[in-house]
Amino acid sequence: MNYGQFLNMVPEATLVAILIIVFFADFALSNSEKKHSILRTMTLILMGLQIIPCVVTESSTAFGGLYFTTPAVSAMKVILTGGTFVVLLMAQSWLQNHEISKRYEGEFYMLVISTLLGMYMMMSSGHFLMFFLGLEMASVPMSCLVAMDKWKRISAEAAAKYILTATFSSGIMLYGISFIYGAVGTLYFDDIAKNLTATPLTIAGLVFTFSGLGFKLSLVPFHFWTADTYQGAPTSVTGYLSVISKGAAAFALYAILIKVFAPMVLYWEYLLFIVIVLSITIANLFAIRQNELKRFMAFSSISQAGYIMLAVVGNSAMGVTALMFYTLVYVAANLAVFAVINVVEQNNGGATNMDDYNGFYQTNPKLSFLMTLALFSLAGIPPFAGMFSKFFVFMAAVNGHTLENPVGIFAYVVVFIALINTVISLYYYLLIVKAMYIKKSERPLPTFESDDSTKFALAICTAGVALFGICSYVYDWLSSVSIGALL
């Protein structure tokens, strides 16, 4: 084997190097406040610099097509790495205040880096074996992150539900992959596409494979773990799980459907239509009933996953662009919301109920304003970036479809239903705004000061929410790297 091929995997190689450096630093430094400061600063700097190899990497393949990278894959890695950097920033208040976190701060960083490495491998895989290894590398450490508060019953329960559901979904996916292998005799994406035909065996393989990634995206009906896991996990981990993991899974699913199951496009388009409508509608209806904010954001993330999948329906370079842009905006808006929730939780003994935010604007006007901007972006209100991201996925969904064929009619119907659900989502996002600005409380949350790391994270997210929509060069750049992205 030519080990020089590892040089074609520059983002993965640098991320492994960061993992090794963090491991030895955590092992070598004596346990003290100085150790935590050094470890924290070093990890944040290295993860910030990790964006550079993702940007400069050119198209390449390695190990006979097991691994590949394109400008679109590199752009997605930049987005997810930037989001991970923001998650690490917002986690600092929890890591510094929580006794358990102080003991396992190094492990927290290593687990986050390990999951990101698995997501890299998922997106760059050209073979189902590589893809499955990347999926498991992202899923298993994630369950450990969910259980970081392992002496809390709710955290242990959340981790158990997550890992058990992940295990079953992985088994179902492997079952589907075995059907595909039995039908075509190969696991290479390109070779499968050349030999694949629609038979009962391959249709079953498509459905089972889709189901496995449906779990990662928490699409309906694979979403039952989501609310309990989001509520029980530490808030910074919940933000990471809801955004970074979802973005990687969405891109990987797009690549598999476009590259592997291209000959069966009619089958998976109808499957997507059903799942998208169910995910957006059911999640929105359940979100209205929630009073616990992390459960509320769980159903919001299920709905957002449905919107992301609209980009896949387009089956074109425009769909890739819309998916990446939507993920970029979603990273900024959703992490801003979780950053505020995390600050409130850390300063007020774990307050995460919506009623706790009654009168929040009176005592913390800046945080209320930033959270409002993020919620408006998630709802798709102009002129915030969320409106543009929804517009682009709607355009991608109907791109190339006409009303002269059944698929085109379904595509327009699904987009219409998504538009109606946008109004519903606006209603339940405004419930939080109403609590902060209109509802009164006899005991409102006290005034408090956010730590510097959280301020930096909120500044990055707010800039993204405000600027990504009006700075057209961001979409133009993603569009330029999407041309021939998955070919």
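Hi everyone, let's start with helix H9, residues 153-184: at 1.5 Å a residue its 32 residues should span 46 Å, and its end C-alpha atoms are 47 Å apart, which agrees. The expected span here is 1.5 Å times one less than the number of residues, and helices are DSSP runs of H or I, at least four residues, numbered from the N terminus. Just past H9, Gly 185 has a positive phi of about 80°.

A quick note on the source: this is a predicted model, where local features need pLDDT of at least 70, side-chain atom pairs count only at pLDDT 80 or more, and totals for chains, interfaces and linings use all residues. Residues are numbered from 1 along each chain as its sequence is written, and side-chain values use heavy atoms, with hydrogens and water left out.

Next, a helix pair. How do H11 and H13 cross? The axes of H11 (residues 200-217) and H13 (residues 235-259) come within 8 Å and cross at roughly 160°; axes are lines fitted to C-alpha atoms over the stretch in contact, with angles from 0 to 180 degrees between N-to-C directions. That makes the two roughly antiparallel, a label for angles over 145 degrees. In contact, meaning heavy atoms within 4.5 Å, H11 brings residues including Leu 206 and Phe 210, and H13 brings residues including Ala 249 and Leu 253.

Finally, H16 (residues 317-347) and H18 (residues 365-379) have axes that come within 9 Å and cross at roughly 145°. Among the residues making this contact are Val 337 and Ile 341 of H16, and Met 371 and Leu 375 of H18. Thanks, everyone!

Note on methods: Angles under 35 degrees count as roughly parallel, over 145 as roughly antiparallel, 65 to 115 as roughly perpendicular and the rest as oblique.
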